[in-house]
Amino acid sequence: MGNKIVRVSCWLNFIIFLLFFYCISLTHAEIIAKPGTFDHFQFDVPDVLTAGNEYKIFIIAFDAFGNPVTMPAESLKEYKLTVTGSAMISPSQFKSSEITQSGLAIRFKDEKAEEVVISLYEINSPFPIIEKKIKILPAEISNLNIKVPASAKAGSDFEVWISGKDRFGNVVCKDFEPKDLNLFFKGDVSPQIKEIQYIPESCNVRVKLFSEKIGIFQIEADLLNKKITGKGEKIEILNGPVNSFIVNAPESAVVNEPFDITILAIDKFNNFVKDFATQKEKIIIEAQGKGYIFPSELSSYAFSDGKAKISLRYDRAEDIKIVVKVANDSSIRGESGVVKIVPPKVKRFEIISPETIIAGQKFKIKIIAYNHLDKVMSNYNLYGSTVILKSSGSGTLTPNKVPPSEFINGVATVEVMYDRAEKFNIFATTEEKEIPSREIKIAEEKKIEKPKKKIVEKREVKKAKTKKRIVSKDQILELKNISLVETKNSSSITLFIPNVDKYGGYYPKTKKEGKIMSVSLEVYPVKNKLEAPIKIESDFIKEVSLSEKENKIILNITLKKPLKYRITKKKDELLVEFRRP
């Protein structure tokens, strides 16, 4: 009985303990708090973004207390994303149901180091819900960028800008140390470095350079102990303005014979002024002597890459210097060394005689003097010596001396007699030196009166000139020389006629036949005193010929194609200039 009571008491105690433990458990249970309703969005963006890398930007929905929420499926809305600058985002549109409690991931990438703004809109709403500024930093330095001018003037400072760039072309400031910068110059020029300055605002190094010499070069740079290099575009150092001329002339030349000189236009650093042809300057050519030099003017068009090669003539035997200067500024000048102008020397004689004569009777022969250039020596009467006539036969030739005064334009016509009936040849030489000669015999039937008429005409002309010079020596002018100067765009024919500006006149005529154009220029009152026919080599002119008629000279110029032309009368010169249209 007692044991049953004890057992019932134990069970009651156990049941009471369980009830007590259950009550305690109910008193300390956890409470689950759920987020509230959607209130606003936020962007979750990494603190640092680097150009060229792809990132995930999260759009998270929050309740009013900042708890992330899942957008309710029953209130379906559509949204769009926009971003400024060069950045790209994906997706750019989404639905509200896509935003979970952990947010919606948006892919973001920008290769440009810049600051952009990403904005979230509801579809069809012009006002953004939220906006976020994002700054993208440059990637690691990859190369050096060198900005250079295309050209610079010799003697003037010019600037070069150097910066570090990443592989996307963004300027890098972080790893760019200007003190580690090395510069190299490759090409025709090695300029001087006048100043190197770092500009922290733009992370650029400014290099100030200077060069006195012209040419083309490139700048290369690298950073010490790093495989980071860069190369700039080519820079051309251009010449400065013309400062003087260098005149290269031969040591000697012959009176009234062409001789070549070379004129070099240089700046103050002795560079060729390669653009001198474009400056449209008139150049004066003078001779320090008592004679006249031709031509006396030159256009800068005649220069090519700062050099001009021209032919000159001088009419007096003396030592001279050739002076070249700019017409508008005589301080820009240059002069040659001494040029010794020497008299022409006879090289050979040519004798024209009949095939048969009668012993003891006079017959006419012509003696033609040729100079060292194998041209007729037209001024033999001024610079020649007495001509000695010799025969190969046993007879006597009289007279056997011909004075230089008998020569007219390099030709002497004399009457001689031979006293023996035999075959013989006539030779001509001088007293001072044995000069070779050649005899040309003319058959009697070919010796018609024409040569006599020519001789008579020449004598009559000579007399007429003498008479006119007695009346007024300036009325009949003389054509002394013709020269041709050409450039890429023009061709100039100059007629040297002393006093043409005072007493001469001219009348041009133009004729066109299809693509052929010719210009006929009458100049009066003028006599032709040229030594030989006109020979030219021209890119513009096909042919030039000269004729005389009643104290006029007629210059006929046939062009290769039609050109514009103008005629200018200057002191002692008549200039005919042809230019491309």
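**Strands, pockets and a disulfide**

Mentor: Strand E48 contributes four residues to the lining of the second largest pocket, and gives the most to it. This is a predicted model: local features need pLDDT of at least 70, side-chain atom pairs count only at pLDDT 80 or more, and totals for chains, interfaces and linings use all residues. Residues are numbered from 1 along each chain as its sequence is written; side-chain values use heavy atoms, without hydrogens and water.

Trainee: What makes this space a pocket, and how much of it is there?

Mentor: On a 1 Å grid over the protein atoms alone, a pocket is an open set of points where a 1.4 Å probe fits, with protein on both sides within 12 Å along at least five of seven lines. About 450 Å³ lies in this one; the volume is the space filled by probe spheres set on the points, which are joined across faces, edges and corners.

Trainee: Which residues lie closest to its centre?

Mentor: Leu-298, Ser-299, Lys-570, Leu-575 and Glu-577, out of 21 lining residues. Lining means an atom within 4 Å of a point. Strands E25 (297–299), E40 (481–486), E41 (490–496), E47 (564–570) and E48 (573–579) each give two or more residues. Strands here are DSSP runs of at least two residues, numbered from the N terminus.

Trainee: Asp-572 sits in the loop between E47 and E48. Why is Asp-572 called buried?

Mentor: Buried means under 20% relative accessible area, exposed over 50%, partly exposed in between (1.4 Å probe, protein chains only). Asp-572 is at 10%, so it counts as buried. Contact means heavy atoms within 4.5 Å. Beyond four places in sequence, the contacts of Asp-572 include Tyr-292, Leu-495 and Pro-498.

Trainee: How do you know that Cys-173 and Cys-203 form a disulfide?

Mentor: The cut-off for the two cysteine sulfur atoms is within 2.5 Å. Theirs are 1.7 Å apart. A search of the whole structure finds one disulfide. Cys-173 lies in the loop between E13 (171–172) and E14 (181–187), and Cys-203 in the loop between E15 (192–199) and E16 (204–210), so the pair ties together parts 30 residues apart in sequence.

Trainee: Why is the disulfide called right-handed?

Mentor: The torsion about the S-S bond is about 100°, so the disulfide is right-handed.

Trainee: How accessible are the two cysteines?

Mentor: Cys-173 is at 36%, so it counts as partly exposed. Cys-203 is at 5%, so it counts as buried.

Trainee: What makes E32 and E36 a pair?

Mentor: Pairing needs at least two DSSP bridges. E32 (residues 362–371) and E36 (residues 411–418) have seven, in the antiparallel sense. Ile-367 stands opposite Ala-412 in E36. Both strands belong to an open, mixed sheet of five, in the order E34-E36-E32-E31-E38.

Trainee: Why are E34 and E38 called edge strands?

Mentor: E34 (397–398) and E38 (437–442) each pair on one side only.

Trainee: Lys-364 is found in E32. Is Lys-364 buried or partly exposed?

Mentor: Its relative accessible area is 31%, so Lys-364 is partly exposed. Its contacts beyond four places in sequence are Ile-352, Pro-354, Val-414 and Glu-415.

Trainee: Which residues touch the most other members of the largest nonpolar core?

Mentor: Phe-245, Phe-303 and Ile-322, among 29 residues. Such a core joins buried Ala, Val, Leu, Ile, Met, Phe, Trp, Tyr and Cys residues through side-chain atoms within 4.5 Å. A second, separate core has 26 residues, including Ala-51 and Met-71.
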